[in-house]
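This report describes one protein model, from its overall make-up down to single side chains. The sequence and structure come first.

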Amino acid sequence: MKKKVKRYTEQIEVGSQNHYFVLKDFSRLLDCQIEKIVLFLLEKQGLLATRLSNLGEQHHALIQQSDGSRISELQEAYRAVGQELLRLLFFVEMNAIGIRKILKKIDKRFGYKFTDYYVKTRANHPYSQLRQVFKHVDPVIDSIKSAVDRLSNSTNFLHFLGRHAFIMEDELPTPSEDESLEQRYHFMSLLLNLANTFLYMVNTYIIVPTADDYSLSLGAAATVCGVVIGSMAVAQVFSSVYFSAWSNRSYLRPLVFSSIVLFVGNALYALAYDLNSITVLLIGRLFCGLGSARAINRRYISDCVPLKLRMQASAGFVSASALGMACGPALACLLQTKFKIYKLTFNEETLPGWLMALAWLVYLLWLWISFREPHCETKENLVPNEANAGQLANVTLENGYTQPLLMKIEAKQQDEDEDQERDDAEEDSQEIHKPVTSIVVAYRLLTPSVKVQLFVYFMLKYAMEIVLAESSVITGYYFIWPISRVAIFLACLGLTVLPVNIIVGKYITNIFEERQVLLASEIMVCIGILLSFHIFNPYSVPQYVGSALITFVSAEVLEGVNLSLLSRCMSSRLSRGTYNGGLLSTEAGTLARVVADEVRMPPRSKNTGNIRNNSSNGRNQQDENQELGMTKASHQR
């Protein structure tokens, strides 16, 4: 194959051969090689199946004879079969890597995408031999099942929800990497990361129902609440980058810093009422955004959770985010009280800040006591793992496995071409596993389809944020809803996240293609937005609630499918390092929130404005009466 690649490269350069013939010829050649792999795999499966059948008969005979002395021998025989199955899966892994490298090499030499042509024509064909390479054998032990899960591509709720978190994985990790992750894994540390995710989402949405009232009570316009909510997202744009870079060296220290900053931010948010300062309010929300550790939460799951538990952890990340989104407004609904302790005011506007400050203080203590810092793996250790995979192939050959794509190199073939090929393979391996070091390099790795999907993600987050952030303003402008009703409405929207993902993950994606679901959900989002416009008089509650529900639910469906596609389309180099795929998606979503929060409605109607202003004037009048009473009492004394 290498000689043909060289010959066709020379012919294409001089123009004596056309691309179509090269595509067809190499496709047939690769089909023959893959067919050899499949036949060898089927042969070994048959031999192992025979051994398992014989062992089953021996087990049945031992049960009938009640002979317990040979049970240990039978157990060892079953373990040996399990090891053979595991080695067979390693054989499939190595050949899958070989196919990928061959396709990449042909793309590099010919100057056009042979991979796209070959995968499109072979991967989804019902009789394709390429699909057989990735078809798993029967699992026996947990380690076999973990390898099977990486090779198979089944779609179910857990996988769909896990991809919703957009935590990218390396391609076909080696056993040594899995053992390293097993040593680094700590359940309580994972739980603390999920708790951080939950609390931050609560912190984000607990102020949404009362943000406009808080702005009015401080003398600002109701539409300033967009700046109040959006300031947190603005700060998060920058915090995601430095937290992602910080996580290259430590996980505990950035989480501690995040908790302290969030404690200070929420305390400032609550103190702004008694200080009567909109500036302090905005500074408090900026501090909350600077404490966003979602990049660390994603990175911890990607780097410190074993492969067999990573999908469950990713699903837990999404569930914690959805639960926090629902609990935030629900808690705001419960904080409808007012009292004073010394000079501090506790009411429906300040209690969210005080409650979250207390929650972050408790979390900080829990974090300091229970979190275990994992051993940070240096970037230099990533490339030797690929070399170990090559050593594994040699061990497999020594044990009698003849691999068609990894042919023996005869002495007469040790020429300059072989040396160049080996050097190219080492460079490709290092390039594949080398983390991205700058945002410019990360951008260059984005294909046009990935850029389109990131833009779709930006737009759906924009639509969702408009629905959530504008709810208190719209309902107050048209329906004069109290804070409790707004909070219940937002909580109900948040509670739709998990049921929608269950339906999509378990049923819809197994019936329709993902691109069909993507197109249908985009159309539904557009319909929901069009229905929200005030075209007919009067603007009714059913129209608003229905349009918001259609927009939000359709955007949730779109987000899940879009991130699932992104997790498979992005370069594997974006699975590690500071500028990873999770950071890019987080930045896209955060920028969408910033833009959405800055797009506000015009000032409220006179009736609504009078109601809000009366409450603000009432507060000022009450304070003046208290001061006047204290003055009179002083004169009397």
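Buried means under 20% relative accessible area, exposed means over 50%, and partly exposed lies in between (1.4 Å probe, protein chains only). By that rule, 49% of the 637 residues of the protein count as buried.

## Basis of the values

The model is predicted: local features need pLDDT of at least 70 and side-chain atom pairs count only at pLDDT 80 or more, while totals for chains, interfaces and linings use all residues. Residues are numbered from 1 along each chain as its sequence is written, and side-chain values use heavy atoms, with hydrogens and water left out.

## Overall make-up

The protein has 27 helices and two strands. These are DSSP runs numbered from the N terminus: H or I of at least four residues for helices, E of at least two for strands. Contact here means heavy atoms within 4.5 Å. Among contacts between residues at least 6 apart in sequence, 83% join residues at least 24 apart.

The protein exposes about 31,000 Å², and carbon and sulfur atoms supply 61% of that area. Accessible areas come from the Shrake-Rupley method with a 1.4 Å probe; for residues, only the protein chains shown count as cover.

Helix 13 has 13 residues and reaches 19 Å from its first C-alpha to its last, close to the expected 18 Å. The expected span is 1.5 Å times one less than the number of residues. Val280, Leu281, Gly284, Arg285, Cys288 and Gly289 are buried in helix 13, and their cover includes helix 9 (187–205), helix 10 (211–217), helix 11 (225–246) and helix 12. Arginine 285 is buried because its relative accessible area is 1%. Beyond neighbours within four places in sequence, arginine 285 is in contact with Asn203, Thr204, Ile207, Val228, Ser231, Met232 and Tyr269.

A nonpolar patch on the surface is formed by Ile260, Phe263, Val264, Ile283, Phe287, Leu358, Leu361 and Val362, with about 610 Å² of accessible area together. Helix 12 (252–275), helix 13 (278–290) and helix 16 (351–370) each give two or more residues to the patch. Patches are made of residues with over 30% relative accessible area and no salt bridge; like charges are joined within 9 Å, and nonpolar side chains (Val, Leu, Ile, Met, Phe, Trp, Tyr) within 5 Å. Leucine 361, in helix 16, counts as partly exposed because its relative accessibility is 37%.

## Salt bridges

The whole structure holds six salt bridges, each a side-chain nitrogen of Lys or Arg within 4 Å of a carboxyl oxygen of Asp or Glu. One of them joins aspartate 303 and arginine 299 (2.7 Å, N to O). Both residues lie in helix 14 (residues 294–304), four residues apart, about one turn of the helix.

Another joins lysine 461 and glutamate 559 (3.3 Å, N to O). Lysine 461 is buried at 18% relative accessibility, and glutamate 559 is buried at 6%. Glutamate 513 and arginine 515 also meet in a salt bridge (2.7 Å, N to O); glutamate 513 is partly exposed at 41%, whereas arginine 515 is exposed at 58%.

## An enclosed helix

Helix 26 (residues 581–598) is largely enclosed by the rest of the structure, because 15 of its 18 residues are buried.
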